[in-house]
There are 2 protein chains.
Amino acid sequence: MSHDLAAALDIGGTKIAGALVDAGGRLLVRAQRPTPAGQDGATVMGAVAEVLGELRAAPGWQRVAAVGIGSAGPVDASAGTVSPVNIPGWRGFPLVAEVGKVVGDLPVVLVGDGVAMTAAEHWQGAARGRDNALCMVVSTGVGGGLVLNGRLHTGPTGNAGHIGHISVDLDGDPCPCGARGCVERIASGPNIARRALSLGWRPGADGDASAAAVAASAAGGDPVALASFDRAAQALAAGIAATATLVEVSLVVVGGGVAGAGELLFGPLRRHLKGYAVLSFVAGLEVVPARLGVDAGLIGAAGAAAGARGLWAVG
Amino acid sequence: MSHDLAAALDIGGTKIAGALVDAGGRLLVRAQRPTPAGQDGATVMGAVAEVLGELRAAPGWQRVAAVGIGSAGPVDASAGTVSPVNIPGWRGFPLVAEVGKVVGDLPVVLVGDGVAMTAAEHWQGAARGRDNALCMVVSTGVGGGLVLNGRLHTGPTGNAGHIGHISVDLDGDPCPCGARGCVERIASGPNIARRALSLGWRPGADGDASAAAVAASAAGGDPVALASFDRAAQALAAGIAATATLVEVSLVVVGGGVAGAGELLFGPLRRHLKGYAVLSFVAGLEVVPARLGVDAGLIGAAGAAAGARGLWAVG
């Protein structure tokens, strides 16, 4: 029996997804439960165990060589614990040890969800073959991860690439994280919607006041909706340029719901980047959409485990 | 004859320094020329050749295994060229090839001056034994470099860690680099002095309007001088927190003339860091002064060459 598969878990505030993943990044078996996010920690872990139970019942389980977990953050890969903002029952929860109890002797690798998405885009998506890249998600939050020198850069705790919470406006609005003027505070979907409303934009007859509705208005030429996207793009550009200037990446991959607005976001983002990514070694920075969709978390968790354990080449 | 030394060059707008450096980071032989910064490129290279000529005449030269160059930036290590802002005669100047002509078969390794300082502090200074650190210089400009996963992170072009030109104030004052609100634009010595003057600070009888003079006033309790240092510290804190959040460093080493102000800078810097480095994985960030002085560039150039060529352990 060859051990040529990774088991993957993608843990978020809405759902807990699992899969068996092969060396080509294909999802062979899937399992999923809603996250009982409002329940106590043991109940949330019970849902994880159910997902793992389904995977263990699949014939491919005997081929699994490692388990990769991508989790909503903050995570602490060095301690094996997670404290997802949207799962209050888990604070310093020993997820690696608890998963280890379920899966027996298999090695368990934990990374943050931004790092997992980055592993996926590097292994199978838009950053494939690139040695230095920033991958990010612009959605309800803003997260990301880094590929440096051809390898996933996780940082000691698995949180590296946390671009949503760098300040690009040191005197700016307070962010729920405790800092001010964070990229996420300006560029996330809810903040795009909030800003549009505060500038006078009003939702249509359906009452939809989401960033997607603002995007629809922007696509129709609404100047306030366009202005809110432009400001988000400016903050993303400042954060992306800072990242490139600090670590030298030549590619930025942007996914997530807000990136679904397409050129409404990418157009002003590329224009603002010309104003912030100005030094010679960052002026050629490319910005492209992510290629992998909702499965990126699972693919990336598998890829991160495979990379960390040397199961197969993922870069 | 063992090959157990590195030759080092430290190239700046004021002086061109050279040395032979041993595996303990000791400078065995030194040479130096003023930089003919206003002259044509060939004349500047002539001064470099004179420095190398002195080193080659030293008995230790036969033991040299590699040549390390730390240069004022921008540099392009991948192309082997430099374009130092303060040496207008060198634009895309093929320094690696020109030094190669002088030194014959020896390998030549080029890094930016911020990376060189970082290599020095990691090898022999305040970041010794640390696997993840940001080292920086706050002086006429603001530069830096990164140690990640126990190794110097140069980036493909040798410019990584360029913290002086990340924007922490996306709507802020235009920076000579072309961006806005860069850390250097707020926190460098000349900008500390400029801001103090604009807020009403006046130099003493000696007419000294430098950052050092502002520091002296601040030490005497002058509120405007203190405010200018506080604003510099705030910008440094935002930039340092961004760096730690992006790559996960646990240590920041700060050197350079402005850092010579001691607690006038480090006090407000640590206080402001509490406001920006807030996520769990960066909240424990340490900030310490650099240990190496004016020789850091030479020690680091040697260390970078030794590290890149595997001459001896430098981490």
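## Domains, helix packing and chain pairing in a predicted model

In chain A, 11 residues of domain 1 are in contact with six residues of domain 2. On the domain 1 side of this contact, the elements that give two or more residues are β5 (75-76), β7 (108-112) and α9 (296-309) of chain A. The largest share of that side comes from β7(A), which supplies three residues. Sorted by class, the side of domain 1 that touches domain 2 holds six nonpolar, four polar and one charged residues.

The structure described here is a predicted model. The domain assignment of chain A places residues 5-112 together with 297-309 in domain 1, and residues 126-289 in domain 2. Taken over C-alpha atoms, the centres of the two domains of chain A are separated by 27 Å.

A pair of helices in chain A can be considered next. Two packed helices are described by the angle between their axes and the distance between the axes. For helix α7 (residues 223-247) and helix α8 (residues 263-276) of chain A, the axes come within 8 Å and cross at roughly 50 degrees. An angle from 65 to 115 degrees would count as roughly perpendicular and one under 35 degrees as roughly parallel; α7(A) and α8(A) are therefore oblique to each other. The crossing of α7(A) with α8(A) is right-handed.

In this contact, α7(A) contributes residues including A:Phe229, A:Ala233, A:Leu236 and A:Ile240, while among those of α8(A) are A:Leu265, A:Leu269, A:His272 and A:Tyr276. The residues of the contact comprise 13 nonpolar, two polar and one charged.

The two chains also meet: 38 residues of chain A are in contact with 38 residues of chain B. Both α7 and α8 of chain A supply at least two residues each to the side that touches chain B. The largest share of that side, nine residues, comes from α7(A).

The table sets out the classes of residues for the contacts discussed.

| α7(A) with α8(A) | 13 residues | two residues | one residue |

Finally, the arrangement of the copies can be stated. The same surface serves both copies, as 100% of the contact residues of chain A recur in chain B.

How values were computed:
Residues are numbered from 1 along each chain as its sequence is written. Chains are lettered from A and ligands numbered from 1 in the order in which they are written. This is a predicted model: local features need pLDDT of at least 70, side-chain atom pairs count only at pLDDT 80 or more; totals for chains, interfaces and linings use all residues. Axes are lines fitted to C-alpha atoms, for helices over the stretch in contact, and angles run from 0 to 180 degrees between N-to-C directions. Helices (H or I, at least four residues) and strands (E, at least two) are DSSP runs, numbered from the N terminus. Angles under 35 degrees count as roughly parallel, over 145 as roughly antiparallel, 65 to 115 as roughly perpendicular and the rest as oblique. A crossing is left-handed if the near helix is turned anticlockwise from the far one by less than a right angle, and right-handed if clockwise. Two residues are in contact if their C-beta atoms, placed from the backbone, lie within 7 Å. Ala, Val, Leu, Ile, Met, Phe, Trp, Tyr, Cys and Pro count as nonpolar, Asp, Glu, Lys and Arg as charged, and the others, Gly among them, as polar. Domain bounds come from an automatic or database domain assignment.
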